[in-house]
Amino acid sequence: MAKRLGEGKEAIALDTAPQRLETELEAFQDFLLQRATEFRDDHTVTVDTWPDFVAAVATGWARALHCGAPDCEDEIKAETAATPRCIPLEAPAESGTCIRCDRPSAYGKRLIFGRSY
Ligand SMILES: [Zn+2]
């Protein structure tokens, strides 16, 4: 058995291989999810100014209020290549003005913006 992100190989008994592999695959899935979740959380920044927004989406994701207007979204995309990725269900209720145009926030909570590749 060789782990994709591990080192070397390990000999395992053929008769216990199915059970062992199931356990190993579950552990590997947990590891990948934890690693991705930590990366996401470490690279997501709550921002309230345009310069902070630009900096955040250059290296990860920005948590920001948005007016919901398509023209504003187009401007953001043209300048930063970032678009709204999701409106997190668990995000707390928040009001304020759009990160880009100062119109009122349309969603009652922050959106996650990021660049698409
Ligand atoms: Zn706006």
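This section describes the zinc site, the nonpolar core, the aromatic pairs and selected residues of a predicted model.

Residues are numbered from 1 along each chain as its sequence is written, and side-chain values use heavy atoms, with hydrogens and water left out. Because the model is predicted, local features need pLDDT of at least 70 and side-chain atom pairs count only at pLDDT 80 or more, whereas totals for chains, interfaces and linings use all residues.

The zinc ion has as its protein donors the SG atoms of Cys67, Cys72, Cys98 and Cys101, at 2.3 to 2.4 Å. Donors are defined as N, O and S atoms within 2.8 Å of the metal (3.2 Å for Na, K and Ca); water is not among the atoms, so sites may look incomplete. The angles among the four donor atoms run from 102 to 117°, and the site is tetrahedral. Four donors count as tetrahedral if all angles lie between 85 and 135 degrees. Along the sequence, the donor residues follow the spacing C-x4-C-x25-C-x2-C. Cys67 and Cys98 link distant parts of the chain, 31 residues apart: Cys67 belongs to the loop between strand 2 (61-64) and helix 3 (70-80), and Cys98 to the loop between strand 3 (82-86) and strand 4 (111-115). Helices (H or I, at least four residues) and strands (E, at least two) are DSSP runs, numbered from the N terminus. Cys67 and Cys98 are both buried. Buried means under 20% relative accessible area, exposed means over 50%, and partly exposed lies in between (1.4 Å probe, protein chains only).

In soluble globular proteins, nonpolar side chains tend to be buried together. The largest nonpolar core of this model holds 16 residues, and Val47, Phe53, Ala62, Ile76, Ile99 and Phe113 have the most contacts inside it. Such a core is a set of buried Ala, Val, Leu, Ile, Met, Phe, Trp, Tyr and Cys residues joined through side-chain atoms within 4.5 Å. Two or more residues of the largest core come from each of helix 2 (50-59), strand 2, helix 3 and strand 4. The most, four residues, are given by helix 2. Apart from residues up to four places away in sequence, Ile99 touches Val47, Asp48, Thr49, Trp50, Phe53, Ala64, Leu65 and Ile76; contact means heavy atoms within 4.5 Å.

Four aromatic pairs are found in a search of the whole structure. Rings of Phe, Tyr and Trp (its six-membered ring) pair if their centres lie within 6.5 Å; planes under 30 degrees apart count as stacked, over 60 as edge-to-face and the rest as tilted. The pair of Phe28 and Phe31 is stacked, because the ring centres are 6.2 Å apart and the planes stand at 25°. Both residues lie in helix 1 (residues 17-42), three residues apart, about one turn of the helix. Phe28 is partly exposed at a relative accessible area of 28%, and Phe31 is partly exposed at 38%. The pair of Phe53 and Phe113 is edge-to-face, with 5.1 Å centre to centre and 75° between the planes. Because Phe53 lies in helix 2 and Phe113 in strand 4, this pair ties together parts that are 60 residues apart in sequence. Phe53 is buried, at 0% relative accessible area, and Phe113 is likewise buried, at 0%. Trp50, Phe53 and Phe113 are linked into a cluster by ring pairs.

Thr80, in helix 3, is buried at 11% relative accessibility. A polar atom of the Thr80 side chain lies 2.7 Å from the backbone oxygen of Ile76, and the side chain also reaches the backbone nitrogen of Ala82 at 3.1 Å. With neighbours within four places in sequence left aside, Thr80 is in contact with Trp50, Phe53, Val54, Val57 and Arg115. Among these, Val54 is found in helix 2 and is partly exposed at 34% relative accessibility. The C-alpha atoms of Val54 and Ile76 are separated by 9.2 Å, and the two residues are 22 residues apart along the chain.

Positive phi values occur in two non-glycine residues, Ala81 and Asp102. Ala81, with phi of about 70°, lies in the loop between helix 3 and strand 3 and is partly exposed at 35%. Asp102, with phi near 70°, lies in the loop between strand 3 and strand 4 and counts as exposed at 58% relative accessibility.

Definitions and conventions: Tetrahedral: all angles 85-135°; square planar, octahedral: opposite > 155°, others 65-115°. Polar contact = N/O pair within 3.5 Å; in protein donor to acceptor, adjacent residues only side chain to side chain.
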